[in-house]
Amino acid sequence: MSGGMSGGMSGGMSGGMSGGMSGGMSGGMGTMGGAMVSADSLILSRAAIVGPFNGAVLHVNEPAFDSPPNLALWADGPRHEAIFTQLVEGLLFKTRSGPKDATLEFANLQASTIQRKPLVRMRAPTKAQFKKQLDLVASYADLRADRAIEIVDQRTPPILFWSSLLGLTAHRHKKTLQLIDLVFSLSVLVEMRFKQIFASIRPVAFSPQIQPMIETPGHGSWPSGHATEAFAVATLMQALLDTVPGTGSPPNGTLNREQMQRLAARIATNRVVAGVHYPVDSAGGRLLGTALAEFLVARATGTRVHERGFDGRLFEGPNGEPLDFSLNQSMDHTSGNAYTRSATSTAVGNAPLLNWLWEEALKEWK
């Protein structure tokens, strides 16, 4: 994720998480069905049976122009890239050097009147606040022996952790895994830009006693990429499972919510235990991941989103003491808190390609 994931996500993941898990044909003709076939063997076979060439003799239906259902004909990697391109078109960043804040904005480029609308406002903690947070990082180091195996296994996308919780399987939930792939890619795209903007200093730079148990990633600390991606998955899956028709009331997304939020928080906190993040990094990632998943769902379904914000300078106790990260901290304050959520909502338009994948994923949970 913010470490092992960031380098390979934009390239390696373009092939699709679901493709890598489900196998299938995305690896190419030479490995169809798991059997290795050499090019020489195929050449010999053709030469033996082809005969004189008769031209185009087969009946072929030409796919409709610019039709989302054509995605069913595509391999996982190209499908991911096509949908992702439509998802992110219109996203842009705005920075202000005075207050040192940054905003992720969105402009619906397909609308008759193009307007820039804020989606997420972010303001990092101060250097002094990060120093105070260092005491919490040092305390979390006591948990390293207990959590080491989790921390190491979660350096790369922790799909199997989500699979264990939700019953995700490669053979049954291929399109759902592709949705998760998309929210991972969206998270990395946005979190890395925010990390570059704020350039927050990692814990190891402040003290030689932190001694992280894994390699410190080569980019800024705030917001946490692992937290962003984990809470994005939790929010996405709750929305998807809540939308499945005929599954009872309350819907399964709501019934799964507590466990999904706990898993996301565990993944985020493990990075603090490892010594590469502060608790406030997890808090910022929680807000960002939630907002990004809400944006993806709104683009998939044509619904609206509420602008969210996180002000790291307000993430402290009444006497300036450092705050630990907790799921008990509400993200729905309208003002005066580190976490904020606008009372009004805004439309972000529909992404037809993403809508096709969303509808296909819903079918997998009926």
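Aspartate 76 is buried, because its relative accessible area is 5% and the cut-off for that class is under 20%. The model in which this value was computed is a predicted one. Aspartate 76 belongs to helix H4, which spans residues 76–88. Its side chain makes a polar contact of 3.0 Å with the side chain of arginine 79.

Five strands make up an open sheet with mixed pairing, and their order is S1-S2-S3-S4-S5. Its edges are strand S1 (91–96) and strand S5, each of which pairs on one side only. On average, neighbouring strands of the sheet are turned by 25° against each other, direction ignored. Helix H8, residues 174–198, lies across S1, strand S2 (101–107) and strand S3 (116–123). Relative to S2, helix H8 runs at about 145°.

Glycine 309 has threonine 340 of S5 as its bridge partner.

Strand S5 covers residues 339–347, and tyrosine 339 is located in it. Tyrosine 339 counts as buried because its relative accessibility is 1%, with the limit set at under 20%. Leaving aside residues up to four places away in sequence, tyrosine 339 touches Ala283, Arg286, Leu287, Gly309, Phe310, Phe325, Gln329, Ser330, Met331 and His333. For Ala283 there is also a polar approach: its backbone oxygen lies 3.5 Å from a polar atom of the tyrosine 339 side chain. As for lysine 132, 207 residues away from tyrosine 339 along the chain, the C-alpha atoms of the two residues are separated by 20 Å.

Helix H7 (residues 159–166) and helix H10 (residues 252–274) have axes that come within 11 Å and cross at roughly 160°. H7 is therefore roughly antiparallel to H10, since angles over 145 degrees fall in that class. Their crossing is right-handed. On the H7 side, the residues that meet H10 are Phe161, Trp162, Leu165 and Leu166. Their counterparts in H10 are Asn256, Gln259, Met260, Leu263, Ala264 and Ile267.

Definitions and conventions
Residues numbered from 1 in each chain as written. Predicted model: local features only at pLDDT ≥ 70, side-chain atom pairs only at ≥ 80, totals over all residues. Heavy atoms only, no water. Helix = DSSP H or I, 4+ residues; strand = E, 2+ residues; numbered from the N terminus. Buried < 20%, exposed > 50% of the residue type's maximum accessible area, 1.4 Å probe, protein only. Polar contact = N/O pair within 3.5 Å; in protein donor to acceptor, adjacent residues only side chain to side chain. Contact = heavy atoms within 4.5 Å. Pairing = 2+ DSSP bridges. Axes fitted to C-alpha atoms, helices over the stretch in contact; angles between N-to-C directions. Parallel < 35°, antiparallel > 145°, perpendicular 65-115°, else oblique. Left-handed = near helix turned anticlockwise from the far one by under 90°.
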